[in-house]
Amino acid sequence: MKWFVPGRLEVLGKHTDYMGGRSLLAAVDRGITIEVTDSDAGFVASTTALPGEIRLEPGTDPGLPGGHWGNYVQAVLDRLASNFGDLRSARIVIDSDLPLASGMSSSSALVVAVALALADHNGLREREEWTSNISDDVDLAGYMATMENGLTFGTLEGLKGVGTFGGSEDHTAMLCCHPGKLTEFTFCPIVEGESVDLPEDLTFVVAVSGVLAEKTGAALEHYNSLSANAREIVEAWNDATGSEDAVVADALASDEDALEGLRAVTAHDPSLSRRLSAFVTESEVVIPRAVAALRAGDLAAFGAAADESHRNAADVLGNQVPETNRLQALARELGAIASAGFGAGFGGSVWALVPVADAQAFGDRWLTAYLAEFPEVAQTASIVVTRPGGPARRL
């Protein structure tokens with residue numbers, strides 16, 4: 001059994017999904033290819049990027065260091081075995097052309113790829129536990145997200161996950177986006193919104209900063225603190241109003257004066273006030289403007305929306321680093337139509353929208369200018385040219 005799962009490009013929507021907000025997404029034309037075959041020796045996993053193999057067993061700690069790719073495979077094994085019972089032994093071979101820890105969500109692509117291949121290998125899609133909870137790709141994206149954040153999905157009970165308290169944006173892009181299009185989604189629950197064609201003469205150039213956006217150590221703590229702040233906002237709102245809203249977007253939509261009320265209940269804590277402001281700017285202001293601009297063919301307005309998104313991430317959300325800030329500024333200085341950092345932040349990548357005909361040359365100029373200022377990342381920084389690609393598919 002063989003699957004291809006793409007990485008994703010978060011055009012806009014920084015840390016909005018688990019708050020019930022909007023994201024503007026695309027799958028990319030790079031990703032993870034996985035092959036699962038029968039094994040006589042339990043569960044054996046390997047990657048073409050590294051020598052050797054690892055042996056895993058559901059419900060058993062593999063003893064791997066934090067951030068190791070095998071922990072993501074283990075999380076999938078644990079969750080599927082917990083939800084569906086014993087799994088058939090398997091040999092799992094992973095190949096990837098996604099830059100690691102770049103913000104293109106190689107870790108979530110790995111989770112989705114392993115889960116899809118093992119589901120086929122075990123015939124899980126025909127099981128009552130599956131069909132009663134998962135009826136389409138939107139449901140599937142929601143379930144895949146819980147393999148990482150550890151939450152329960154329907155009657156499929158949660159488990160530890162991988163220690164990140166994120167949402168389902170990555171998994172939704174990988175399973176539900178469309179070739180050649182940017183698609184708006186809202187979350188909690190996942191709802192697919194408008195898809196807008198990316199003009200055929202334009203493409204994305206992604207600059208991988210070389211600062212690894214790993215969800216370990218201090219970066220994991222900072223990443224999870226943004227999610228924790230979002231939960232605190234909802235708890236404060238519910239305590240003050242007697243509501244039972246699940247996410248910030250629900251509270252915001254509950255009343256025409258809800259934004260003022262949310263500002264009032266967070267005013268005592270600057271970190272909560274900033275978190276609320278970052279969410280409202282990105283989800284309620286920037287993304288609607290960006291989608292309207294693309295629909296109208298107004299690329300200057302789209303570029304302005306992307307600039308505002310990046311400023312909001314750098315100055316209010318606080319998840320950018322000097323390298324990604326400079327990459328965004330350089331892209332605009334070099335003539336990019338639009339540019340913004342994306343992904344979990346604290347490193348990772350920046351996208352630039354440019355004409356197809358100039359994409360590679362633009363990328364070379366961009367990388368050269370960047371490395372002149374940050375020569376210490378010369379071995380890890382790179383350029384990727386990509387158009388919006390199709391969703392995950394069986395090969």
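How many helices and strands does the secondary structure of the protein chain come to? Colour by secondary structure and count 12 helices and 12 strands, taken as DSSP runs (H or I, at least four residues, for helices; E, at least two, for strands) numbered from the N terminus.

Before you go on: this is a predicted model, where local features need pLDDT of at least 70, side-chain atom pairs count only at pLDDT 80 or more, and totals for chains, interfaces and linings use all residues. Residues are numbered from 1 along each chain as its sequence is written, and side-chain values use heavy atoms, leaving out hydrogens and water.

Zoom out first. The C-alpha atoms fill a box of roughly 60 × 55 × 35 Å along the principal axes. Of the 395 residues, 56% count as buried, meaning under 20% relative accessible area with a 1.4 Å probe, protein chains only.

Now select residues 299–317, helix α10. Its 19 residues should span 27 Å at 1.5 Å a residue, and its end C-alpha atoms are 25 Å apart, which agrees; the expected span is 1.5 Å times one less than the number of residues. Its buried residues include Phe302, Ala306, His310 and Leu317.

Leaving aside neighbours within four places in sequence, Phe302 is in contact (heavy atoms within 4.5 Å) with residues including Val11, Leu24, Trp351 and Leu353.

Next, show the largest nonpolar core: buried Ala, Val, Leu, Ile, Met, Phe, Trp, Tyr and Cys residues joined through side-chain atoms within 4.5 Å. Of its 82 residues, Phe302 and Trp351 touch the most other members. Helix α2 (residues 106–121) gives the largest share, 11 residues.

Notes
Buried means under 20% relative accessible area, exposed over 50%, partly exposed in between (1.4 Å probe, protein chains only).
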